[in-house]
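Welcome, and please take a moment to look over the protein shown here. A short tour of its fold follows the picture.

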Amino acid sequence: MTLVLNTLESGDCSEQIKALLAGKNEEIEIINTADMKIAHCMGCNNCWLKTPGICAIKDDYEIILKKLVAAENFWVVADTKFGFIDYRGKRVLDRIVPMLNMYAEIRDGWERHQLRYHPLNFGFIYKGYGNRELLEEWSMRVARNLAGHSLGVISLDKDEACENAAVPSAKCVAPTSDEHVVIINGSPRVKKNSNTNKIIQAFAEGLEQAGFTHKLYSLSNHAEWDEAREAFMTNDNIIIAVPLFVECLPSLLLEFLSTLPTERKQPAKLSFILHGGFDEGHQLRLGEKFLQSLPAQLGCTSGGVLVKGGSFLLRNRENSYIKKMTDKMLASYTAMGLSFAQNGNFMTPEAKKFTGFEKNPKIGILLFNLIFKRIVKKNFERIAQKWGCTEPLDRKPY
């Protein structure tokens with residue numbers, strides 16, 4: 001069965017979608033999500049550690065999850081923004097997390113979460129001016145995360161002349177003399193549980209050591225959006241810190257960016273801190289590529305992207321070994337805050353080395369399979385028990 005989620009606001013395009021998928025000899029079900037109540041993923045991890053396989057958000061997405069369990073092929077239909085899938089399309093994809101479970105494994109040479117059910121093939125159908133190369137790589141990465149293959153990327157528009165149009169490249173900037181930085185936490189997770197917030201706090205210590213001041217806005221709190229928008233438009237030194245969500249940015253941040261005015265009140269430098277749960281640098285490269293394209297589209301120059309994995313453990317610092325390991329990680333962010341204050345950007349050799357290893361070395365994969373996977377599994381089960389979980393973490397509720 002093929003499940004198609006049509007997230008377009010413009011109405012039912014079922015016949016056009018069926019025509020695009022005609023000849024594939026498969027049962028197709030199309031769900032138009034425009035009238036459904038679907039919230040952004042909060043990154044709470046309850047579907048992994050408290051109620052395995054069941055999302056904590058009680059809305060219409062459970063209907064979709066039950067249908068995904070029966071599907072083999074999965075398409076998302078969406079508009080585009082900034083050359084990428086818009087926040088409505090990304091929102092329905094971010095909520096797919098319950099289809100995976102908390103346990104980690106090495107699959108096709110990458111660190112992955114285990115499947116809760118079965119592989120899903122993934123494809124993307126879009127309207128507007130998508131960056132075709134970026135979307136194809138993203139579709140491939142999403143499919144690999146779901147242990148399936150990419151079904152491809154298809155434009156709904158008849159005029160495809162603009163679909164491969166190059167996204168403007170942001171110019172690099174010289175070190176800034178401005179000693180105040182606006183920092184936006186783009187994580188949907190509430191501030192007290194946010195790994196991104198811990199990273200920002202450590203980074204800000206480095207800024208303070210250099211005499212810089214900063215103002216932090218958290219997008220998980222919608223009450224701060226108006227002030228965050230005004231700060232973005234009126235300050236000239238901005239950093240957005242964000243976790244990787246389903247191979248790119250969380251839908252919450254994409255929605256915020258789509259609400260920004262088209263004309264800036266003054267020039268600005270825009271930089272990013274991108275982090276992810278798995279250690280490997282290559283897991284973050286598609287997200288980095290997209291972030292590199294954003295400053296020019298938002299009327300800014302680029303201060304670069306600081307990239308690092310291995311941040312999942314920041315949330316669980318009660319264990320003395322994990323605390324020691326994460327203290328070292330947070331100290332490295334403090335050092336990068338000082339470096340940013342001194343150099344004005346993330347374009348330095350020091351920032352490039354900050355990511356660490358690009359792929360797990362063979363010895364790392366061997367140790368992971370023999371030892372580390374078991375330690376991590378027991379640690380997750382211990383956390384789940386503290387959260388009140390009474391079910392196996394890999395259970396199949398649907």
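This is a predicted model: local features need pLDDT of at least 70, side-chain atom pairs count only at pLDDT 80 or more; totals for chains, interfaces and linings use all residues.

Residues are numbered from 1 along each chain as its sequence is written, and side-chain values use heavy atoms, with hydrogens and water left out.

**The whole chain**

The protein chain holds 12 helices and 14 strands; helices (H or I, at least four residues) and strands (E, at least two) are DSSP runs, numbered from the N terminus.

| Property of the protein chain | Value |
|---|---|
| Span of the C-alpha trace along its principal axes | about 65 × 50 × 40 Å |
| Buried share of the 398 residues | 55% |

Five strands form an open sheet in the order 11-10-12-13-14, with parallel pairing; two strands pair if DSSP finds at least two bridges between them. At its edges are strand 11 (213-218) and strand 14 (301-308), each pairing on one side only. From one strand to the next, the twist averages 20 degrees. Helix 7 (residues 225-234) packs on the sheet and touches strand 10 (180-185), strand 11, strand 12 and strand 13. Contact means heavy atoms within 4.5 Å. The direction of helix 7 makes about 140 degrees with that of strand 11; axes are lines fitted to C-alpha atoms, for helices over the stretch in contact, and angles run from 0 to 180 degrees between N-to-C directions.

Strand 12 (residues 237-243) and strand 13 (residues 269-275) run parallel, joined by 7 bridges. Ala241 stands opposite Ile273 in strand 13.

**The cores**

A nonpolar core is a set of buried Ala, Val, Leu, Ile, Met, Phe, Trp, Tyr and Cys residues joined through side-chain atoms within 4.5 Å. The largest has 81 residues, and Trp138 is one of those touching the most other members. Another core, of 23 residues, lies apart from it and includes Ile273.

**An enclosed helix**

Why is helix 4 (residues 87-94) largely enclosed by the rest of the structure? Because 7 of its 8 residues are buried, including Tyr87 and Leu93.

How values were computed: Buried means under 20% relative accessible area, exposed over 50%, partly exposed in between (1.4 Å probe, protein chains only).
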